[in-house]
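Here is a short report on one structure. Look it over first, then read on.

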Amino acid sequence: MRMWFVCRFCCPAAQSNSNPEWEAKVLEYFKGQLKEKESHSWVPSLNDVPLHYLKPNSLVKFRCLVQDMFDPEFYMGVYETVDPSTKFKPRSGSVLRFKFTNTVTAERQTFYCVPIPGESPWAKEISFLSAARVVPSTSYVPSRQKRSYEEDDDMDTQPQKQREPHTEPHGNGDSKRQETEAPSSQTTAPSDCSSHLDLNFPLPGERGPACLVKVYEGLDSFKLNDTLEIYGILSVNPVLTVLGEEKDPSLLLLNPTESMETPEEQRAHDPPASLVPRLHMLYARPLQHNNPLLPSAPTEDQSAFVSSFLVEMASVRAELLAYLTHVLLGDGLAAEYLLLHLISNVYTRRDVLPLGKFTLNLSGCPLNSYTERLYQIVQQLVPCSYRLSMSLHTMNSMRLVPKKDYVANRLVSGALQLARNTSLFLDETQLEQGQLDSSGVRNITALGNLISWQKVDYDFSYHQMEFPCNINVLVTSEGRSLLPSDCQVPLQPQVTPPNMEEYLTTIHMAQFTSQINKFRVYLSLARTLDYSISDEVTKAVEDDFVDMRKDDPQSVTAEDLHRMLVVARLLSLSLGQTTLSRDGWMRAKHIDMLRRSRTEQQKSLNGNEP
Amino acid sequence: MSSPTSTPGRRKRNRDDIPATPKSTAKAGSDGLVSPPSQRRRGQDSSNGDLPAMPTSPGTDIASPAVHDTSLFSSPRRSVLPSEVDMSSPLMYGTPSSRVEGTPRSGVGGTPARQRPDLGSIRKAPQVDLHSEPPSADGAVASEQALGQKLVIWGTDVNVGTCKEKFQRFLQRFIDPASNEDENAGLDLNEPLYMQKLEEISVVGEPVLNVNCSHVQSFDADLYRQLISYPQEVIPTFDMAVNELFFERFPDSILEHQIQVRPYNALKTRNMRSLNPEDIDQMITISGMVIRTSQLIPEMQEAFFQCQVCAFFTRVEVDRGRIAEPAVCRNCNTIHSLALIHNRSAFSDKQMIKVQESPDDMPAGQTPHTTIVYAHNDLVDKVQPGDRINITGIYRAVPMRENPRQSNVKSVYKTHIDVIHFRKTDEKRLHGLDEDSDQKLFTEERVQILKELASKPDVYDRLSSALAPSIYEHEDIKKGILLQLFGGTRKDFSQTGRGNFRAEVNILLCGDPGTSKSQLLQYVFNLVPRGQYTSGKGSSAVGLTAYVMKDPETKQLVLQTGALVLSDNGICCIDEFDKMSDSTRSVLHEVMEQQTLSIAKAGIICQLNARTSVLAAANPVESQWNPKKTTIENIQLPHTLLSRFDLIFLMLDPQDEAYDRRLAHHLVALYYQSEEQIEEEFLDMAVLKDYIAYARTYINPRLNEEASQALIEAYVDMRKIGSGRGMVSAYPRQLESLIRLAEAHAKVRFSDKVETIDVEEAKRLHREALKQSATDPRTGFVDISILTTGMSATARKRKEEVARALKKMIQSKGKTPAMKYQQLFDDLRGQSEAAITKDMFEEALRALADEDYLTVTGKTVRLL
């Protein structure tokens, strides 16, 4: 099945005489088609296929994060063209002469979407491989690419603008060269494109296509930082790009419409379509996760998948635990906590309090690139992650909190603009003595807020705006972290390998890909399970708490109960149990006891720690 | 912008030129009567010359406006011309506003009109007869007009004559006895409001008449509808009407230009997000915050062309950014000989302003929208970035050009607002009360729900339990915070010289770490619309008050307001109050009692209002609350500051079994209850928000007789407690606190009267708070002097005793001029039955030194 068609948004003339419901019908048709099993894998994905291999005006999908929402714009939904026999030809671009009687003005909004920040290479690779399996026909032969260009020209009666490069020749050449490289080369040097055009990725060193998504319906259902899979019509028509350089200042004065935007704003809102393609959204699916190993849609086969996996759950957990124990130098308790941390998830909020978050502080980490290795292993397990090395320099210079740039009228992204369930790995071992400047203090405060309230206050210069988030924060430090955390586990290495690097590499290599894949599925799945507590267990927990308080009212506080409830929840989920059992509660209590005794020990060792 | 170059004779000459014009592009609306906004764009194309030009005879053109009003046509306002005359044609050379009209008339004609670029050009709006077929030629219109049929402006249902008449009637008759707007201060409310304003104009000479649209609506709903739907046509008509009226009344007054009507407060749109294509070309009012203003843009209104061959000159009016350059000189018939002379062309000021949605209007999780606003002429530079304003203007959509050189346009529009009226909403916040400007609008049903809730007997308990449900118990603290949210009644004694009484309740929470103080603060901060949250550690004095900044662009000094000023009329939550530096804390002294902030820095001396309630949280110095010490000793805050808090609560771990059990139940429930259950159990946060907002705006309780008696009694009782033991146990500050709390409690009940039950609750709460914070740990009595002087009365008594004992001891030693410090200390310890610490000893020494009895130098004590 060939799924591409002449885009309604680019060439409405084709439909203008058909009945008015065609829009709804078209949407209906595509939604119907996409519901069919497998069908979405036929659609080429912008994430995997380089832009120039894709046919303009064809249906594509894009797995992305809504980074910014631009102002709504009005456009002519329906209009009539003048008969071609007059001296003005109707053109297939959006430019035409029109009669007014049948013009309908409609509203749409543009979202600036970037690929999911911090998506692990394995997630990209797997989704790429699965996509490449099914869509080789549309794109990969260079000759086809050429033809599609020619077709383009046929449709366009103003070819002289078409070929004109929109960026200075140097930059263009660069991006050309890049694009001709093998599509799967993820590890090449960071994109040169960003040197002349800031694509505004939240994380530094990211690459991938950013996209301007034109949204026509359901505007209110989308939120900033949503992860979506968008199906839409790709448009790379260069005519749609305002030709920034050519503007004559004298004309600016006379044309009020043109002077509205500053050059910065234009660059941000109208980047060349060859770099930032436009995507006219047909249909968008919010993504619960971006793990390509799991069925993404909440359909029947997902529940079948879940129930089949639940059987294995306990055994996979044991294997994963063993693996993590090795990684954490034989510390089983820390491994247990790390596992719980990896499946934690903010599942609800009670007024300002996020429930279910479980920030782990792994203290006592060996120095010398151990943390870096640890991160690589975590990265292998979770679909989205980012390591923020908290050195003095990065804290002072990096932009963590997104900030609104009023000159360019866009939200300049920061490293804390992350998709839900991203693992943020804060490496405090990198921190050295020195002075934090004001931006450093702000960054630390932002991290503290993120950990305690799971929210980030975006800087809108005149005011702050709070955006809730759901990020798993793991802090590795030497001593107790300066950031707050839900739970601190001092690492107690049982083995001291002479060559740390070698040791970790061997552990890593010893795992088969199939095994690792199992872990990946396990971690993503455990997070999505439902969970409840029966009345009976509630009672038991209450009794227990009262007893504990009786014994030692000083050391057991409400805070501790909070934490133990979260631990109990995660522990049950990690075993695939969806209700808390008495046993689960006892276990949670037990490991928390172990952990506490360990921190006490640490305290008495260090003596003067608060 | 008015150009003085025009001469009285010009108009005549230009009219003579008419036959020379080859075409006039005027065109009757043959496309139908109803014009969607986009249709008006046709004018742009017609001037482009691709449509067949319609030759018109000048005779008809001039005749048609004459039908309405003869004085009208001689008025130089180009915008008032309701005829089908194309104003861009040379026909109208005499009328463009920017020129001093030569007619030797006084009144309307004598005053130059001023162009209104905010309204755009309406000159393409011919009138059509509603009852006849769409006229196909101008001649037809003219003839039908003669028949006296109802004429409307093309594309609208506005009849100029009727509209004008209606508006004049409105101006002459509208009375708003209930008006409380500050603009109307000093006007007689029982006289026609706008006539008084006209009088003001004649005195002050500022030719702008602001008209509140809600007045128009209440006076004539149909006129209001027309104003909203066709502002471009109706406002010039209003201008015309008001000028006629004005110059009839005040024929001798001299104005800079003709009066311009500026409507504001159009009720139609409030929120930027709700703008949609239907609002295009309509008048709207939206609120927002200015985020950027551009440089001044000179916009050409009229181009001046001079023939290079014969020096003949001509003027061409700019029509939507387009100048129809005359190709042929009409004097010498040379082709392409005319050159644009810039410094003889007329320009008007224009400024681009970007406005962003105010944060309160936004749905969660989305980014704020921005809108471009164009300000013209005297509205330029009226607003600064950061200002919160209400804008009334006309919403426009302009198609984007694909290429500035071509007339092809894209199918996407750019939208902007041509502003007619600005109204700053935060200006008054700094300098006065803002009763009406940020009144939240409640729907009838909402008010009904709120009133129903208020009528429930247990509303107080309900609301307090709805406050931060995730935080367990601490009922009294929640009640205190609830009363803080409502606040007392504002009283103004400035006439008697005492200034404002504080109406805001300040609360301090102190207690062990980890007792969810911060969470409570966060909750309150999220609940109130104008809350600020700062942490004591991270804020400096300037961050709290205000600081002066040099604007990088304009190099002007700008006063940036800090958290306390920003939370004016709101609540400022200060966490880690104890960690604040002393200089920062000292700023709070003024704020917390006088409710103002005085600033004197960098050439700016001013007093800002900071009527904010302070909700602060402090941790004990020893990280754990020491029950053996007083509050002051525990948190080490100056008592001057502490006494400014109405309520000081301790949040301690109660450590008893029943409490633990309830706590455990509460927490477990938190973790497994589903969303629905939660909602059933507690009041919605939104309802609570509205309830508070409603009570704060509409309820102003006053003390009734019994309540005042009860308050007096309560105060006298409080004083009595102390006087029995020889100490002062209450100060007038405490009485004021009681009054505030009682008023707040009455507000909770939506009651206009403070009754005895309110006083009872205020007393109870006040007592509870005192019991917690002002109990002398040594005696177990409540002792207010702990908070007011920093030392309990017993402590003071003991200090005196020690000093006396020391003196006695020294005297008993006989005449020894100098003693060893350590030895004296040991002696005293040996002599006294009670344990004497070094601190006490030193204090006693200091007391004696104050009496000039001895001096302490290093390790020796000398008698004097």
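## Helix crossing in chain B

A crossing of two helices is called right-handed if the near helix is turned clockwise from the far one by less than a right angle, and left-handed if it is turned anticlockwise. In this predicted model, H29(B) passes H30(B) in a right-handed crossing. H30 of chain B spans residues 838-850, and the two helices pack at an angle of about 110 degrees. Their axes are 11 Å apart. Angles from 65 to 115 degrees count as roughly perpendicular, so H29(B) is roughly perpendicular to H30(B).

Which residues make the contact? H29(B) contributes B:Tyr821, B:Gln822, B:Leu824, B:Phe825 and B:Leu828. From H30(B) come B:Lys838, B:Phe841, B:Glu842 and B:Leu845. By class, the contact of H29(B) with H30(B) has six nonpolar residues, one polar and two charged.

Chain B has an open sheet of three strands, in the order E25-E27-E26. The pairing is antiparallel. Strand E25 (818-820) and strand E26 (854-857) of chain B are at the edges. Each has a single partner strand, so one side of each has no neighbour in the sheet. From one strand to the next, the twist averages 25 degrees.

Four bridges pair E26(B) with strand E27 (residues 860-863) of chain B, in the antiparallel sense. In one of these pairs, B:Val856 has B:Val861 in E27(B) as its bridge partner. Helix H29 (residues 821-831) of chain B lies across E25 and E27 of chain B. H29(B) runs at about 75 degrees to E25(B).

## The sheet in chain A

Strands of a sheet pair through backbone hydrogen bonds, either parallel or antiparallel. In chain A, five strands form an open sheet with parallel pairing. Their order is E9-E12-E15-E8-E16. Strand E9 (385-389) and strand E16 (487-490) of chain A stand at the edges. Each pairs with a single strand, so one side of each is left without a neighbour in the sheet. The twist averages 20 degrees from one strand to the next.

How many bridges join E12 to E15 in chain A? Six bridges link strand E12 (residues 422-427) to strand E15 (residues 471-476), and the two run parallel. A:Leu424 has A:Val473 in E15(A) as its bridge partner.

## Helices on the chain A sheet

Helix H12 (residues 332-342) of chain A packs on this sheet. H12 touches strand E8 (360-363), E12, E15 and E16 of chain A. The direction of H12 makes about 155 degrees with that of E15(A).

Helix H13 (residues 370-381) of chain A lies across E8, E9, E12 and E15 of chain A. H13 runs at about 165 degrees to E9(A).

## Confidence

The predictor gives the complex an ipTM of 0.71 and a pTM of 0.69. Chain A averages a pLDDT of 73, with 72% of the residues scoring at least 70. Over residues 1-18 of chain A the pLDDT is below 50. The pLDDT is also below 50 over residues 83-100 of chain A.

For chain B the mean pLDDT is 69, and 65% of its residues reach 70 or more. Residues 1-106 of chain B have pLDDT below 50, yet this stretch has 198 contacts in the model beyond near neighbours in sequence. Residues 427-440 of chain B stay under 50 as well, with 31 contacts beyond four places in sequence. Where pLDDT is low, the predicted coordinates should not be read in detail.

Technical notes:
Residues are numbered from 1 along each chain as its sequence is written. Chains are lettered from A and ligands numbered from 1 in the order in which they are written. This is a predicted model: local features need pLDDT of at least 70, side-chain atom pairs count only at pLDDT 80 or more; totals for chains, interfaces and linings use all residues. Side-chain values use heavy atoms; hydrogens and water are left out. Two strands pair if DSSP finds at least two bridges between them. Axes are lines fitted to C-alpha atoms, for helices over the stretch in contact, and angles run from 0 to 180 degrees between N-to-C directions. Contact means heavy atoms within 4.5 Å. pLDDT is the predictor's confidence in each residue, from 0 to 100. Angles under 35 degrees count as roughly parallel, over 145 as roughly antiparallel, 65 to 115 as roughly perpendicular and the rest as oblique. Ala, Val, Leu, Ile, Met, Phe, Trp, Tyr, Cys and Pro count as nonpolar, Asp, Glu, Lys and Arg as charged, and the others, Gly among them, as polar.
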